[in-house]
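My notes follow the order in which I looked things up.

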Amino acid sequence: MEKIEFQQKNKILLKLIITTILLILFIGSVSSIPFLFKQENKITTSIGIIEEPKNVTKSNNVILIIPDGFGVASQTLAREYEGVDFLTLDQIQKGTCHTNSASSPITDSAAAGTALACGLKTYNGRIAIDTNGNPCVTLIEKAMDNSMATGIVVKSRITHATPASFSSHQLDRNQELDIAVQQLNSAFGKIDILFGGGRDMFIPTSLGGKRTDGRNLETEAESKGYTVIHTTNELNQTNLQTPILGLFTSDNYPYVIDRQNLTDFPTLQQTSQKALELLSQKAQEEDINGFFLLIECSLIDYCGHQNDPAAQVRETLQCNQVVKQMMDFIDSDSNENNTLLVVVADHETGGLYLDTSLEEIYKSQLTYVWNPDILKPITKSAYSMTDLVYYNGYSVEDVLSDFAQISNLTQSELDELNAALNSHSFDQLNYALSDVISQRAQVGWTTHGHTGVDVIVYSYGNDSNSFVGSMDNTDIPKKIDQFLQFESLESQKILENSEISFYSSDSPKINDSFHS
């Protein structure tokens, strides 16, 4: 009897164990179907009620802004000049970025642009070409391959090193006439918007340009479906449709400080806003995979090469304004906040430092101050003042008095200016005028070239915290790749393009003595 009772108890226990196992399996299967019982934004499962994630969307727009030659001191200078605690960029600072190239601890804009466009190191001077001489696929090319709208907006020649690194492939950055051809003939399709300077690279010498091959690339662009524009009024047309080639100046833009009442060509704020509107509109109307917009604040670098603090502070403030425009777009974006903004310089230029109290002229008074107010009444760049002296018969005393409000030149300053005049060198006179202004403001420079210091990474919008911390410049495009879910692409498509010739060229090189 006891044996029978023991067997029955074992059977009951076994049934309980089996029932428990089945119940666990059932609970697991129900909980793995989270939308089985749904009410409003809550999900009822066998293990209770949980909140449903809201507004989960694919992130598919990127705005990359490169303030060429921009360093920490440039931002500090602009902030103190404005007399505020924070400018726009200060509010979105995230990390730092290394800038060395494959050939030097100090990069040029070509190698740095390639690092930011392709995610790899290359030699100084190369445009989207790796150290083995092979083309690398850029972010713009990946965007086109992924059916995104694309745009490039700059103040330099559109064929200059940074924009070229995203839109062409050259062993030598000075092959700008060839770069222009490539920008209109990408193997991956049409770049929807090309806004900048450098019209001379697109038209033949017979029309006042620099093309010696007789080609008129503006006419060729129109035959490919581009609308070609040159003025602010043309930019403001209500019926503009992409693709658009906007070449607003023959060479680089003038500095902000030199624009004054010039309105026949648009500002960087205007071209950036128009590009943003057109690319966003195209992405929405054609239901494509968002847009990729590259903006370069090009001339911060030029001012650094010339050691001109009055010109540079205006360029830096303009760049902050453009960043604010992009942030406003993200904040008001109706596409459920699917836009990422990244701002990072390619390198620092000039080695700007604030407080020159240890310089010879100030050795008797170690004040540890500098004076940004000296820069406020200045109405021309040192470059423009040099032009007036060198080509238009002005005296150095007149230009400094009329355009910089400096009339009481010291003997030391006069000696420096006269030595520059006697050198019969435009560059040396430019440097001397910049130096007088810098000394008065008590700011200094370590070089007329680039420096090897890290630069700041700024980011805003969707996934911006991915850019927190210290990183290499090659990490920037890799993070953008991840954000846009880009897959790697082979460069064979580039090599098969008949318009791509980067191994050798008979085209004349465009030498740019200042701006590397």
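Predicted model: local features only at pLDDT ≥ 70, side-chain atom pairs only at ≥ 80, totals over all residues.

**Entry 1: strand E6.** I began with E6, residues 149-157. Nine of its nine residues are buried, so I describe the strand as largely enclosed by the rest of the structure. I then looked up its pairing. E6 runs parallel to E10 (residues 291-297), and five bridges join the two. Within this pairing, I found Thr150 opposite Phe292 of E10. E6 also runs parallel to E7 (residues 193-197), here with four bridges. The bridge partner of Ile152 in E7 is Leu194.

I next listed the contacts of Phe292, leaving out residues up to four places away in sequence. Among them are Met148, Ala149, Thr150 and Gly151, as well as Val62, Leu64, Leu139, Ile140 and Ala143. Phe292 also touches Leu279, Ile480 and Leu484.

**Entry 2: helices H2 and H12.** How do the axes of H2 and H12 cross? I find that the axes of H2 (residues 72-82) and H12 (residues 309-332) come within 9 Å and cross at roughly 90 degrees. The two helices are therefore roughly perpendicular to each other. On the H2 side, the contact is made by Ser74, Gln75, Leu77, Ala78, Tyr81 and Glu82. H12 contributes Pro309, Gln312, Val313, Arg314, Thr316, Leu317 and Asn320. Sorted by class, I have six nonpolar, five polar and two charged residues in this contact.

**Entry 3: Val389.** Is Val389 buried or exposed? Its relative accessibility is 11%, below the 20% cut-off, and I therefore count Val389 as buried. The residue belongs to helix H13, residues 382-392. Setting aside neighbours within four places in sequence, I find Val389 in contact with Tyr394, Ser395, Val396, Val399, Leu421 and Leu429. For one of these, Val399, I also noted the separation: Val389 and Val399 are ten residues apart in sequence, and their C-alpha atoms are 7.6 Å apart.

Methods: Residues numbered from 1 in each chain as written. Heavy atoms only, no water. Axes fitted to C-alpha atoms, helices over the stretch in contact; angles between N-to-C directions. Parallel < 35°, antiparallel > 145°, perpendicular 65-115°, else oblique. Contact = heavy atoms within 4.5 Å. Nonpolar A, V, L, I, M, F, W, Y, C, P; charged D, E, K, R; others polar. Buried < 20%, exposed > 50% of the residue type's maximum accessible area, 1.4 Å probe, protein only. Pairing = 2+ DSSP bridges.
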